[in-house]
Amino acid sequence: MNHRKPELVCPAGGLPALKAAVDNGADAIYIGFRDDTNARNFPGLNFGPEETARGMEYAHRAGKKVLLAINTYPQAHNWAVWTSAVDRAAELGIDAVIMADPGLLRYAATHYPDLRLHLSVQASATTYKALEFYHQRFGIQRAVLPRVLSLQQLWHTIANSPVEIEVFGYGSLCVMVEGRCALSSYITGRSPNASGVCSPAESVRWEETALGRESRLNGVLIDRHGLNEAAGYPTLCKGRYYTDAQAYYAIEEPTSLNILDVLPDLFHHGIAAIKVEGRQRSPAYVASVARVLREAIDTCAADPARYLVRNQWTAVLDRLSEGQTHTLGAYHRPWH
Amino acid sequence: MKISLGPIHYYWSKENIEQFYRRAEHWPVDIVYLGETVCAKRRALRSADWLDIAARLTDAGKEVVLSTLALLEANSDLLQLERICANAHYLVEANDMSAVHLLAGRGPFVIGPHINCYNAETLSLLADLGARRWVPPVELSATTIAMVQNTRPETMETEAFAYGYLPLSFSARCFTARADNVGKDACELRCINDPEGRALFTQEHERLFTINGIQLQSGIPCNLLNETVAMSEMGIDIVRISPQLAATEFVIRAFHAALNGDGGSPVEYDSPACNGYWYGKPGMQFSPVQGD
Amino acid sequence: MLGFPQKHMTKTFMEHGRTLTRPFIAATTIFMDPVFTAIFMGLANRVLARYQADFLQMEGRRIVVEVSDLGKSLRLVIRRGKIAPTRAGPVDLRIAGNAKDLCRLALRLEDPDTLFFARRLVLEGETSVGLQLKNILDSVDLDWLAPVGYLPAPLGPRIRQAIDHAIRNTHADRRLHDLLDRALQP
């Protein structure tokens, strides 16, 4: 069993966030190009060619890696945009590309056999058999698992996986199995798989009304928040709906994933990397989260048996969280 | 064009399932997909019961395909998948890449709607592994499907999700149990009480989604009955009807009539339906037939 | 275009106002002064010049920033790829918060999503414009080396390297950030 210290993988939506991640203890930073080839295709976000080169220089000089997400699904009319993103990544010498589309993985494996490939969470691989597929066909070296497995299921998957396993450690929580959710396109026409966005900003409207803050997505009322009620992103899965009488969080509350409680177990079972969600967040967020997780991982590595979650870590992370609260998500059986 | 009956998305009792397929023996459908695709805990029928149904449908002249689970989590899910993929009699519909891995190189198989096959390159890769039919992801537009059709491998058939509540997402969490405020481990298979799912409404009383255990479906059914001419022109080979406890026969007969020349004029719907995805719009929207 | 009320204030924001400290009032008052606003706009447009493509996408949008606890507001318009002050009228995007939070946001000491979740930041109207502005603000890279970036060889690269080393060794970036952060805590 592998007891090596897991890598801390942090998000960056721009150069200042990348620098914040490097300066605050990330081992690797994942980024995306400024187009729909990645799952955070938001206006004004992400890296152009010049920023990518500068970011890589900054990270490499500090001995850190830069990973590039090309993790959406190209279609016939835009296939060339995705292959050219892979070409650029290879030319730039990116440390690894995070991908999901089987056709595109084949393209990368065929044209750039030396390019390190990670399987994106968007590929929706939840079993070691699925991981075997991507490993045998395309030579992937690491996979990010969807946030659906319980801890026991996760340990079983790691033990049988042909590749390194990376899991989400902190950030906004997808309650659906990633890569197979069309809720957003059902309402707005754009989805993570096809357009790299969930509940896109151009479809969001907030209105402060007498009844509270109303969140609407393409006109559909997602939720209504009372004056001092903590809120979350206006994503469909975090709205309040009803089946009988009372509106409730029918799918998921606004909350964030936080795995600090089970860090020693993750070490013990040989997790290769812990990922922070949030390329859409600010440099201030990246700095705070990286600092906390760096300290937690180092504390755990020093003496896993005596590791305890510090109140201050939880306080910092909860403040940054959706709904100002956290959960262990699917790792914790009662959550299901 | 052929008509297929997709797998049952909901949890029905053994009697309901058996009666449904008894009737299906006489319906004008060419292909029937059998098996549980949503929740591994639903076991009203044993494998032997499914195989009995499969045998009877085969005798009635139907092509039987065994569908697999979309979201696999436990090792027991994998073991069950291995048994289905190893069967020697029936074609298998893969709904997850674990299934594709187990079926690759073993002979023909079907790519279900839960496999992310968004482009011709992925389709050709899957064809190389033995896929001979694909059901595009429900969010793909007619234009996108048509572009893939232009370069699809020669032996590949295309099957479009033509009628039913759209399977939009899956989760580790059970939304039916959550609606009743119980844990998934204590669910007691309560979804059997919702044979057509449970409606989820916004606070403004708009029917948004349908809860079906760990799956969320569209709030209103997708209906492409008025698109059969366009589908035929695009070279779509099969239209899929997704089973409902009631009215499935009516829907099948309507499609059968449309495909056999009685569908010249668009059908007026008396209940809400959607076809937005087909036109590259939000899935929940409805557009009348283009060119009218 | 949306016609928002001219002065929209909720009780919550008035309550926040009581905890307000002097530096924020001073900063905000200066900022709201027409002369300083003009100077600031000039500076901002120079820094933001490389984001002109983004600004052209937002052409014509009218934005109001309301400092809720001071009852003041700043009206902006995006015209020819630049930000300019404008007069009262209908707006496409309304941003509201208290002076402290808005100052901390502008200096990138605070995560906007966090303020939004905590209901301390209001965003109404064309959300995508707000998101794009936020993302641009977050991506402005304060490059300490830019002014010496074009010095000719052989000395240029060496000077650049020396400054770079000095900044890295002293963690000047982080120290400045922490200093500002402490100074602007309530």
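**Exercise 1.** What is the area buried between chain A and chain C, and what percentage of this area do carbon and sulfur atoms give?

*Solution.* This is a predicted model, in which local features need pLDDT of at least 70, side-chain atom pairs count only at pLDDT 80 or more, and totals for chains, interfaces and linings use all residues. Residues are numbered from 1 along each chain as its sequence is written, chains are lettered from A in the order in which they are written, and side-chain values use heavy atoms, without hydrogens and water.

Step 1. Buried area is the accessible area (1.4 Å probe) that two parts lose on being put together, summed over both. Between chain A and chain C it is about 3,700 Å², and carbon and sulfur atoms give 46% of it.

Step 2. Trp206(A), Glu208(A) and Arg213(A) supply 17% of the area that chain A buries against chain C, more than any other three residues.

**Exercise 2.** State how many salt bridges link chain A and chain C, and describe the one between Glu110(C) and Arg319(A).

*Solution.* Step 1. A salt bridge is a side-chain nitrogen of Lys or Arg within 4 Å of a carboxyl oxygen of Asp or Glu. The count between the two chains is 7.

Step 2. In the salt bridge of Glu110(C) with Arg319(A), the closest N and O atoms are 3.0 Å apart.

**Exercise 3.** Find how many residues each chain brings to the contact between chain A and chain C.

*Solution.* Contact means heavy atoms within 4.5 Å. Chain A brings 45 residues and chain C brings 39 residues.
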